[in-house]
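Please keep the sequence and the structure at hand while reading.

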Amino acid sequence: MSQITLRNVNKRYGAVPVLNDISLDIADGEFVVLVGPSGCGKSTLLRMIAGLEDITSGEIEIGGRIVNTLPAKQRGLAMVFQSYALYPHMSVADNMSFALKLAGVPKAEIRTRVEEAAHILGLEKLLGRLPRELSGGQRQRVAMGRAIVRNPTAFLFDEPLSNLDAKLRVKMRSEIKKLHQRLGKTMIYVTHDQTEAMTLADRIVVLRDGDIAQVGTPLDVYRNPGDAFVAGFIGSPEINLLPATSLGPEARAVALADGTHLPLPDSLPLPEGTPVTYGLRPQHIGIAASGLPGEIVLIEPTGDSQELGVRIGGHEISVVLHDSRPLSPGQQVFLALDADKAVVFDTDSGKRVI
């Protein structure tokens with residue numbers, strides 16, 4: 001069993017707090033992605049699970065055993081780093097087998113494990129090469145192979161794709177997803193890239209300033225953000241967040257500063273004039289024959305769709321159209337807003353209101 005449980009885990013560097021009372025249950029075989037902006041504590045949390053960082057307080061439990069003081073090599077975990085961390089003078093096969101040799105695993109078993117991992121990752125023809133003779137994607141696969149041969153209870157990934165170009169990142173993302181489906185092992189993956197989080201995770205853990213902001217499935221976090229930070233961090237293009245005021249509990253709309261009304265899925269339980277933040281994703285706005293007037297200020301073709309910047313009520317918002325209709329900057333258009341998809345947040349706390 002490779003269930004991992006964190007109970008009230010804290011991390012301080014002197015008087016500086018890094019992680020605050022983190023509690024999380026990760027099921028056996030689950031793929032969990034820790035996501036958040038730089039400096040939020042996600043890599044530190046991963047290294048604490050791995051045993052590479054001490055915890056200040058709390059408990060980390062792996063497979064039913066508390067491992068707070070257990071050395072990293074005894075936790076049964078394998079970590080894949082951003083930098084690959086390959087020995088430059090060793091062949092692919094030797095890099096993959098080095099930890100097994102140190103552990104005294106018999107040569108025949110080492111050979112079998114390396115060959116099996118190479119087959120899984122498509123490295124069979126590269127076993128005799130040195131790291132300098134490999135592409136970035138091949139090096140990352142070797143780093144993954146080195147983890148696989150150890151047959152760990154869980155895999156830990158610390159931003160493993162950040163050094164790769166955009167096209168290769170997409171390919172390697174698919175490889176990691178297939179690897180999880182094939183091995184069925186628990187995986188914890190750290191990234192600041194919300195697209196990676198959305199495509200890989202069974203569950204996403206959104207971190208902010210050392211706290212857990214929200215935990216849920218990718219679709220749940222995307223569709224039902226608990227606060228304005230999560231709404232703004234998850235989703236591409238970024239959600240439109242506009243300062244507005246409540247029109248009172250009976251109105252199913254809020255107003256921008258110039259009086260423009262934006263529709264809501266339900267009445268807003270706040271007094272008239274209360275400051276709020278109105279959120280609507282670009283994918284939930286379209287161009288129609290009538291509706292909210294706006295002016296196109298930017299057009300970004302993306303193939304079979306186009307992303308627009310449209311000015312309404314003194315604000316520029318993003319709109320995604322899934323067609324290639326001819327449009328031009330300066331053009332006046334009408335926008336249709338899907339009120340059922342709108343969300344509203346309290347301006348002061350950032351918490352969701354509806």
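## Overall make-up

In this protein, 64% of the contacts with a separation of 6 or more are between residues 24 or more positions apart. The model is a predicted one, and its values should be read with that in mind. The protein has eight helices and 20 strands, and its C-alpha atoms fill a box of roughly 75 × 50 × 30 Å when this is taken along the principal axes. Of the 354 residues in the protein, 49% are buried.

## Helix α1 and the residue after it

Helix α1, residues 42–50, is largely enclosed by the rest of the structure, because seven of its nine residues are buried. The buried residues of α1 are Lys42, Thr44, Leu45, Leu46, Met48, Ile49 and Ala50. Just after α1 comes glycine 51, which takes a positive phi of about 95°.

## Helix α2 and its two partners

Two packed helices are described by the angle between their axes and the distance between the axes. Helix α2 (residues 92–102) and helix α3 (residues 107–121) have axes that come within 10 Å and cross at roughly 135°. The cut-off for roughly antiparallel is over 145 degrees, and α2 and α3 are therefore oblique to each other. The crossing of α2 and α3 is right-handed. On the α2 side of this contact are Ala93, Met96, Ser97, Leu100 and Lys101, which meet Ile110, Arg113, Val114, Ala117 and Ala118 in α3.

The crossing of α2 and α4 is right-handed. Here Val92, Asn95, Met96 and Leu100 in α2 meet Val142, Gly145, Arg146 and Val149 in α4, and the residues of this contact divide into five nonpolar, two polar and one charged.

## Aromatic pairs

How many aromatic pairs does a search of the whole structure find? The search finds five, and two of them are set out below.

| Pair | Distance between ring centres | Angle between planes | Arrangement |
|---|---|---|---|
| Phenylalanine 31 and tyrosine 189 | 6.0 Å | 40° | tilted |
| Phenylalanine 155 and phenylalanine 157 | 6.3 Å | 20° | stacked |

Phenylalanine 31 lies in strand β3 (residues 31–35) and tyrosine 189 in strand β8 (residues 186–191), so this pair ties together parts that are 158 residues apart in sequence. Both phenylalanine 31 and tyrosine 189 are buried, and phenylalanine 155 and phenylalanine 157 are both buried as well. Phe31, Phe155, Phe157 and Tyr189 form one aromatic cluster.

## Backbone features in loops

Most residues other than glycine have a negative phi, and most peptide bonds are trans. Asparagine 151, found in the loop between α4 and β7 (154–158), has a phi near 50°, a positive value in a residue other than glycine. Is asparagine 151 buried or exposed? With a relative accessible area of 55%, asparagine 151 is exposed. Aspartate 209, which lies in the loop between β9 (203–208) and β10, has a positive phi of about 50° although it is not a glycine. Aspartate 209 is exposed, its relative accessible area being 59%.

A cis peptide bond, with omega about -5°, joins serine 236 and proline 237. Proline 237 has its place in the loop between α8 (228–233) and β11 (240–246).

## Threonine 217

Threonine 217 lies in the loop between β10 (211–216) and α7 (218–223). At 38% relative accessibility, threonine 217 counts as partly exposed. If its neighbours within four places in sequence are left aside, threonine 217 is in contact with Asp202 and Arg203. Threonine 217 and aspartate 202 are 15 residues apart in sequence, while their C-alpha atoms are 5.9 Å apart in space.

Technical notes:
Residues numbered from 1 in each chain as written. Predicted model: local features only at pLDDT ≥ 70, side-chain atom pairs only at ≥ 80, totals over all residues. Heavy atoms only, no water. Axes fitted to C-alpha atoms, helices over the stretch in contact; angles between N-to-C directions. Helix = DSSP H or I, 4+ residues; strand = E, 2+ residues; numbered from the N terminus. Parallel < 35°, antiparallel > 145°, perpendicular 65-115°, else oblique. Left-handed = near helix turned anticlockwise from the far one by under 90°. Contact = heavy atoms within 4.5 Å. Phe/Tyr/Trp six-rings, centres within 6.5 Å; stacked < 30°, edge-to-face > 60°. Buried < 20%, exposed > 50% of the residue type's maximum accessible area, 1.4 Å probe, protein only. Nonpolar A, V, L, I, M, F, W, Y, C, P; charged D, E, K, R; others polar.
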